[in-house]
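Open the model in your viewer and keep the selection tool ready. This tour goes stop by stop.

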Amino acid sequence: MLSESSSFLKGMMLGSIFCALITMLGHIRIGHGNRMHHHEHHHLQAPNKEDILKISEDERMELSKSFRVYCIILVKPKDVSLWAAVKDTWTKHCDKAEFFSSENVKVFESINMETDDIWIMMRKAYKYAFDKYRDQYNWFFLARPTTFAIIENLKYFLLKKDPSQPFYLGHTIKSGDLEYVSMEGGIVLSIESMKRLNSLLSIPEKCPEQGGMIWKISEDKQLAVCLKYAGVFAENAEDSEGKDVFNTKSVGLFIKEAMTNQPQQVVEGCCSDMAVTFNGLTPNQMHVMMYGVYRLRAFGHIFNDALVFLPPNGSDND
């Protein structure tokens with residue numbers, strides 16, 4: 001009887017200690033003191049067309065040439081069909097796109113990260129990109145192989161943003177005290193953010209390879225933790241109407257939801273006209289998106305865009 005009572009008391013004590021530990025961890029603030037707790041992400045919006053029209057034609061041409069976007073796509077051998085679709089569609093519009101894989105794949109050219117862990121792949125890819133291209137590109141876009149991106153819309157959104165400032169943007173999500181950019185919608189870092197992140201990658205106390213003391217957190221959350229230590233915060237990207245431009249779902253799913261929730265405003269309730277990304281696409285859906293975005297035209301209709309982003313030299317984009 002005494003033995004059972006002793007076991008019960010030990011269990012109670014261990015349970016109390018564990019609860020206290022969880023409570024303590026829940027109150028830990030990541031980053032530089034209490035100011036982190038009060039930070040709320042900004043809602044960054046694309047520039048107005050009127051602002052662009054105020055710029056001279058020569059200045060617009062210079063702007064179109066100055067925007068250089070480097071695209072990072074993280075893949076695994078099981079993604080080979082998606083890999084092929086991404087390579088044949090939207091990545092042609094990046095100023096440079098490279099695939100980072102978990103192992104060598106003979107079918108496609110890629111940079112072998114020698115790991116299955118997406119967070120470690122992400123770290124290595126960012127370091128590789130910064131070390132090799134920091135003097136050539138001012139914006140770095142990372143995506144999954146299930147993501148479709150309209151790079152011209154991304155460049156337009158970034159038009160009035162200064163890459164020498166620590167921008168980290170996409171579709172933001174709040175998890176407890178942590179605000180992060182979801183990898184599902186794609187992640188954009190300015191060259192300044194890349195510089196700050198690179199300085200932390202070798203400091204395990206601030207940017208560890210294995211996140212979490214008790215459980216492993218997702219790669220996009222881990223990136224946000226590292227960037228917070230560098231004073232870089234998640235920013236939500238929206239159009240002038242407040243609609244997200246980085247989307248974590250496919251167009252089809254958005255339309256289905258709009259038909260259910262807003263049957264009188266299916267198109268208006270669906271997506272932004274300036275959308276940058278959609279996610280969760282199959283290879284066939286990638287090609288359908290490519291057709292709709294870049295190939296289908298209404299004869300005689302001209303959009304009269306205020307700015308044209310020229311394709312990189314040697315590109316075979318549509």
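What follows is a walk from the whole chain to single side chains.

**The whole chain**

Begin with everything displayed, and keep in mind that this is a predicted model. The chain has twelve helices and twelve strands. It runs to 318 residues, and 45% of them count as buried. Now show the surface.

**Helix 8**

Select residues 191-200, which make up helix 8. How many of its ten residues are buried? Seven are, so helix 8 is largely enclosed by the rest of the structure. Colour the buried residues: I191, E192, S193, M194, L197, N198 and L200. Show helix 6 (118-133), helix 9 (219-229) and strand 10 (187-190), together with strand 5 and strand 7.

Pick L169, then look across to strand 11, where E235 is its bridge partner. Now show the side chains of strand 11, residues 235-238. E235 and A237 point one way. N236 and E238 point the other way. All four are buried. In general, side chains in a regular strand alternate between the two faces of the sheet.

**Helix 5**

Move to residues 80-88, helix 5. Its buried residues are L82, W83, A85 and V86. Which side of the helix do they take? They sit on the same side of helix 5, because they cover an arc of only 165 degrees around the axis. These buried residues pack against strand 2 (69-75), strand 3 (96-101) and helix 12.

**Aromatic pairs**

Show the rings of Phe, Tyr and Trp. The structure holds eleven aromatic pairs. Zoom in on W139 and F167. Their ring centres are 6.1 Å apart and their planes meet at 45 degrees, so this pair is tilted. It links distant parts of the chain, 28 residues apart: W139 is in strand 5 (139-143), while F167 is in the loop between helix 7 (151-157) and strand 7 (168-170). Both W139 and F167 are buried.

Go on to F254 and F278. This pair is edge-to-face, at 6.4 Å centre to centre and 70 degrees between the planes. F254 belongs to helix 10 (251-261) and F278 to strand 12, so the pair ties together parts 24 residues apart in sequence. Both F254 and F278 are buried.

One more ring is worth a click. K161 lies over the face of F157, 4.5 Å from the ring centre.

**N279**

Finish at N279. Find it in the loop between strand 12 (277-278) and helix 12 (283-295). Is N279 buried or exposed? It is buried, because its relative accessible area is 4%, below the 20% cut-off. Now display what surrounds N279. Apart from neighbours within four places in sequence, N279 is in contact with T146, T147, E184, N247, T248, K249 and S250.

Notes: Residues numbered from 1 in each chain as written. Predicted model: local features only at pLDDT ≥ 70, side-chain atom pairs only at ≥ 80, totals over all residues. Heavy atoms only, no water. Helix = DSSP H or I, 4+ residues; strand = E, 2+ residues; numbered from the N terminus. Buried < 20%, exposed > 50% of the residue type's maximum accessible area, 1.4 Å probe, protein only. Contact = heavy atoms within 4.5 Å. Arc of directions from axis to C-beta. Phe/Tyr/Trp six-rings, centres within 6.5 Å; stacked < 30°, edge-to-face > 60°. Lys NZ or Arg CZ within 6 Å of the ring centre and 35° of its normal. Pairing = 2+ DSSP bridges.
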